[in-house]
Amino acid sequence: MPSFDSLFNAFVTILVTIDPPGLAPLFLAVTRGMNREERQQVSVRASIIGFLVMALFAVAGASILSVFGITLPAFRVAGGFLLFFIAFEMVFERRQDRKEKIGDVAITKDMIHNIAAFPLAIPLIAGPGAISATVLLSGSFQGFAAQAALVGIIFVCLAITYLVFVLSERIDRILGQTGRSILTRLLGVILAALAVQFVADGIKALMAG
């Protein structure tokens, strides 16, 4: 069973890459015109789909990599750089702009009945950053108990995301533009540090091999 520090680091990494507070205004944007019951259905479906996608990569991430002949240390380095790029976007507010454009595309294409799957579940919840982080973490969570713990962490993160969707109107009012900006930048700095650690661990493993 992984240590408490490993579990906590996994929780923080996955939660930061999903970025529930940043999704709150986007959820309101893509569900514009829906009533509370319809938004509830969308939030439940999006959270379930996001959980299933991330759980798949948590359990079978290494197997998926092996099919393409990619070693875990190599993916750790590449994934670390990807997470660092996402952290850079979060610090400089570029990620939010890109997510808002994705939300606008969904509405203009009249995909209102499918927004739980796209763009909410994929790529806003289970996006490249969250999937990469999940695969990276799966390498450190070997064995049934460890994998079950990782899936449990993903479940908790998606439960938090679901709560954010349900309380999105209230959260958006409380945080406001300034609060969202400060929180996003703070999470970006934390993610940047975690990304550097991934890269360092990956290079160390590659050199040892």
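**Helix packing and annotated transmembrane segments**

In this predicted model, helix α1 (residues 4-18) packs against helix α7 (residues 128-138) at an angle of about 165°, and their axes lie 8 Å apart. An angle over 145 degrees counts as roughly antiparallel. The two helices, α1 and α7, are therefore roughly antiparallel to each other. Their crossing is left-handed. From α1, the contact uses Ala 10, Thr 13, Ile 14, Thr 17 and Ile 18. From α7, Gly 129, Ala 130, Ala 133 and Leu 137 take part. This contact of α1 with α7 has 6 nonpolar and 3 polar residues, and no charged ones.

A second pairing involves helix α2 (residues 20-30) and helix α9 (residues 168-208). Their axes come within 9 Å and cross at roughly 125°. That angle makes α2 oblique to α9. The crossing of α2 and α9 is again left-handed. On the α2 side, Pro 21, Ala 24, Pro 25, Phe 27 and Leu 28 make the contact. On the α9 side, the residues are Ser 168, Glu 169, Ile 171, Asp 172, Leu 175, Arg 180 and Leu 183. By class, the contact of α2 with α9 comprises 8 nonpolar, 1 polar and 3 charged residues.

The unreviewed UniProt entry annotates "transmembrane region" at residues 6-30, 42-68, 74-92, 112-138, 144-165 and 186-207. Two of these stretches were examined for secondary structure. Residues 6-30 are 96% helix and 0% strand, with end C-alpha atoms 35 Å apart. Residues 42-68 are likewise 96% helix and 0% strand. The end C-alpha atoms of residues 42-68 are 34 Å apart.

How values were computed. Residues are numbered from 1 along each chain as its sequence is written. This is a predicted model: local features need pLDDT of at least 70, side-chain atom pairs count only at pLDDT 80 or more; totals for chains, interfaces and linings use all residues. Side-chain values use heavy atoms; hydrogens and water are left out. UniProt positions are given in the numbering used here, feature names are shortened, and annotations may be inferred rather than shown by experiment. Helices (H or I, at least four residues) and strands (E, at least two) are DSSP runs, numbered from the N terminus. Axes are lines fitted to C-alpha atoms, for helices over the stretch in contact, and angles run from 0 to 180 degrees between N-to-C directions. Angles under 35 degrees count as roughly parallel, over 145 as roughly antiparallel, 65 to 115 as roughly perpendicular and the rest as oblique. A crossing is left-handed if the near helix is turned anticlockwise from the far one by less than a right angle, and right-handed if clockwise. Contact means heavy atoms within 4.5 Å. Ala, Val, Leu, Ile, Met, Phe, Trp, Tyr, Cys and Pro count as nonpolar, Asp, Glu, Lys and Arg as charged, and the others, Gly among them, as polar.
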